[in-house]
Amino acid sequence: MICPDNKCGSCTQCCRLLAVTELNKPKNTRCIHCDVGVGCRIYHDRPESCQSFRCLWLQTQDTHIPFPLYLRPDKSKVVLHTTPDEKNVVAKVDPGTPMAWMEKGIGNVLATLSEKILVLVDNGKKSWVIEKHGIREVKMSVADETGTEHFEGYV
């Protein structure tokens, strides 16, 4: 069942790149309930974390300056979302295109965001922090029971 408002279009990147603890789904694995390019087969019964999740691309679609289609996660290969405290941005990158976050369109967005807030990039193999002073590789913890990884230090 595709979401009724269909604002995601054919994008299902969050169903692949993000962990869903209620379903014991690790990050970077396709959810068993995902109909690729269509949507969630259990849309009306999906877990709370899925119900409350809205990537930054989707959040901008109801604003006066929506992100363009080329920044949609299935096009850019990057799902942008805020940290739980909404103070920073996380860029989950498709491991099949691990350096997609450096491409011109999405790279410009990340650079702009990093002028005001910290941006954490995770491509499934490595993680980086982008700050106004530059990019540094970081070490993250193994995900805890909530699926959250924590900063352990700079590489």
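Helices and strands here are DSSP runs, numbered from the N terminus; a helix has at least four residues and a strand at least two. With those labels we can walk through this predicted model.

Start with E86. This residue sits in the loop that joins β3 (78-82) to β4 (89-93). Its backbone stands out: phi is positive, at about 60°, although E86 is not a glycine. Is E86 buried or exposed? The relative accessible area of E86 is 63%. The cut-off for exposed is over 50%, so E86 counts as exposed.

Now go back along the chain to N24. Look in the loop between α1 (14-17) and β1 (34-35). N24 is not a glycine either, yet its phi is positive, at about 55°. Its relative accessible area is 71%. Over 50% means exposed, and therefore N24 is exposed.

R46 is the next stop. Find this residue in the loop between β2 (39-40) and α2 (48-52). Is R46 buried or exposed? The relative accessibility of R46 is 16%. Buried means under 20%, so R46 counts as buried.

What lies around R46? Take Y43. The backbone oxygen of Y43 is 2.6 Å from a polar atom in the side chain of R46. Now set aside the neighbours of R46 within four places in sequence. R46 is then in contact with C40 and Q51.

Technical notes:
Residues are numbered from 1 along each chain as its sequence is written. This is a predicted model: local features need pLDDT of at least 70, side-chain atom pairs count only at pLDDT 80 or more; totals for chains, interfaces and linings use all residues. Side-chain values use heavy atoms; hydrogens and water are left out. Buried means under 20% relative accessible area, exposed over 50%, partly exposed in between (1.4 Å probe, protein chains only). A polar contact is a pair of N or O atoms within 3.5 Å; within protein, one must be able to donate a hydrogen and the other to accept it, and residues adjacent in sequence count only if both atoms are side-chain atoms. Contact means heavy atoms within 4.5 Å.
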